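Here is a short report for a reader meeting this structure for the first time. Please look over the sequence and the model before reading on.

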Amino acid sequence: MRCLFTVIVSSMLLQLADGQSSYIHVSAQSTVDTANADIRSVIKVWEKYLNARPDSVYANPYWVESEQHRYSPFDLAGHLWWNMYYGIGHYKARVLSVSISDSAFILRTMFYGRDSSEFFVRNIFQVAARIENGSYKLCNVLPINSRYWHKEEVGSIKFVFPPDHEFNRPLAEHMYKFIDSLAALWHLEIKPTQYYFADDLDRVCKVLGMDYWPAEGNIRAPRGFVDSHNRIIYSGGSNEWFPHEFVHIYINPLFPGASPYFLEGYATLLGGTGGHDLLWHIRRNYGYLKDHPQVDVLQFKGVDMYVDQNYFIGGLVCKMAEEKGGLPLIRKLMTYGREDADFYKAILDVFGVDKKDLGTFLRQKLSEYASR
């Protein structure tokens, strides 16, 4: 679900230079008891970590070793696809609270700054700290925050969900059968996957450690994202059935340089998105284009905030490729790069359509598939 963050913060990120530009001083709210030696210690470790290339993966001296051995990247919330630490040296960091939970300190930190003359909060982030070998080290809050969540295993999937949710085992088995068929189609080994889900994505994000993030709130609808390296899925507004992100878990690692049009498009083709299948999204977006013939299809972002052109245009192209040449042609699409020029070249190679004719071609195909 790569458009989730892009729509909201792309303008913010354009103003940031890559990397960390200056030393990050972590201040504390006046209500934080910094007279307590342990609290002072965990804040200092947090500050040292933020200044020790947190956007890189290496044997970090400020993080518990057990998680560094278990996960890669080990900082689960900080290294998701939007990279919570991107440009972090350009923001101020302020610890809002330090509390104790499950024998660990939980630090809530606000990262904030100014855009032109406007104050904004980039995120409010949780991280934990506990004693390891006589000194405080940081650790993920996910196991702490989800310790009372229920867990059920079906096949290769560990379902993790709030205690107020009644587990639907037949639906979970249906999810596993989908994975089994996907793996068989692509001749892949089935591997263990953790799947965190709740009725609201914000609820899942808070368990992960994001008290506030720029894509929080809005109308509740099925949304999710994946940590393909650690084989973890996070979703909200859904249930045991969420095939879109499971497609990403298995397909994205095969084609790390593929265009989002084809990665998101193929996941939408097989698993839908936002609670609806691909044809529903094609019909919905074509309905708008039909009423607005002046709109350039190549510049059209889509009518839904979280379902951009990567999903319905990419899904349309993958559907046409599947019908034309089956899985081998899907594989071929995945071999093109991530840039717009690579997408145009793929369309030219596979469908013989030049960029100058692509808008008309896509509008015609959207019309054709919308009438099915």
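The sections below go through strands, cores, backbone details, salt bridges and aromatic rings.

## The model

This is a predicted model. Residues are numbered from 1 along the chain as its sequence is written.

Start with strands β4 and β5. Strand β4 covers residues 118-132. It runs antiparallel to β5, and five bridges join the two. R130 stands opposite K137 in β5. Together β4 and β5 form a hairpin, with two residues between them.

Strand β5 spans residues 135-139. Four of its five residues are buried, so the rest of the structure largely encloses this strand. N133 lies in the loop between β4 and β5. Its relative accessible area is 71%, so N133 is exposed. The cut-off for exposed is over 50%.

In soluble globular proteins, nonpolar side chains tend to be buried together. The largest nonpolar core here has 61 residues. F159, I251, F262, Y266, M334, F351 and L366 touch the most other members. Helix α10, residues 309-334, gives this core its largest share, 12 residues.

Take M334 as an example. M334 touches I251, F255, A258, F262, L263 and Y266, not counting residues up to four places away in sequence. Another core lies apart from the largest one. This other core has 52 residues, among them L80, F125, V160 and A198.

## Backbone details

P73 sits in the loop between α3 (65-70) and β2 (92-101).

Next, look at two positive phi values. S103 has a phi near 60°, a positive value in a residue other than glycine. S103 belongs to the loop between β2 and β3 (104-115). Its relative accessibility is 67%, so S103 counts as exposed. N133, in the hairpin turn, has a positive phi of about 55°. N133 is likewise a residue other than glycine.

## Salt bridges

Side chains of opposite charge can pair when their charged atoms come close. The whole structure has 13 salt bridges. In one of them, K319 pairs with E323, and the closest N and O atoms are 3.7 Å apart. K319 and E323 are four residues apart in helix α10, so about one helical turn separates them. K319 is partly exposed at 24% relative accessible area. E323 is partly exposed too, at 39%.

E368 takes part in two bridges. With K365, the N to O distance is 3.3 Å. With R372, the N to O distance is 3.9 Å. E368 and K365 lie three residues apart in helix α12 (residues 355-370), so about one helical turn separates them. E368 counts as partly exposed at 34% relative accessibility. K365 counts as partly exposed at 22%, and R372 does at 45%. Salt bridges that share partners join K319, E323, K365, E368 and R372 into one network.

## Aromatic rings

The structure holds 27 aromatic pairs. One of them joins F105 and Y136 edge-to-face. The ring centres are 5.7 Å apart, with 70° between the planes. This pair links distant parts of the chain: F105 is in strand β3 and Y136 in strand β5, 31 residues apart. Both F105 and Y136 are buried. F178 and W241 form another edge-to-face pair, at 5.7 Å centre to centre and 80° between the planes. F178 lies in helix α5 (residues 169-186), and W241 lies in the loop between β11 (232-236) and α7 (243-251). They are 63 residues apart. At 14% relative accessibility, F178 counts as buried. W241 is partly exposed, at 28%.

Elsewhere, ring pairs link W46, Y49, W63, F74, F111 and F125 into a cluster. F125 is also a member of the core of 52 residues.

## Charges over rings

Two arginines sit over tyrosine rings. The charged end of R53 is over the ring of Y58, 4.4 Å from its centre. R372 lies over the face of Y369, at 3.8 Å from the ring centre. R372 also meets E368 in a salt bridge.

Note on methods:
Side-chain values use heavy atoms; hydrogens and water are left out. Buried means under 20% relative accessible area, exposed over 50%, partly exposed in between (1.4 Å probe, protein chains only). Two strands pair if DSSP finds at least two bridges between them. A nonpolar core is a set of buried Ala, Val, Leu, Ile, Met, Phe, Trp, Tyr and Cys residues joined through side-chain atoms within 4.5 Å. Contact means heavy atoms within 4.5 Å. A salt bridge is a side-chain nitrogen of Lys or Arg within 4 Å of a carboxyl oxygen of Asp or Glu. Rings of Phe, Tyr and Trp (its six-membered ring) pair if their centres lie within 6.5 Å; planes under 30 degrees apart count as stacked, over 60 as edge-to-face and the rest as tilted. A charge sits over a ring if NZ of Lys or CZ of Arg is within 6 Å of the ring centre and within 35 degrees of the ring normal.
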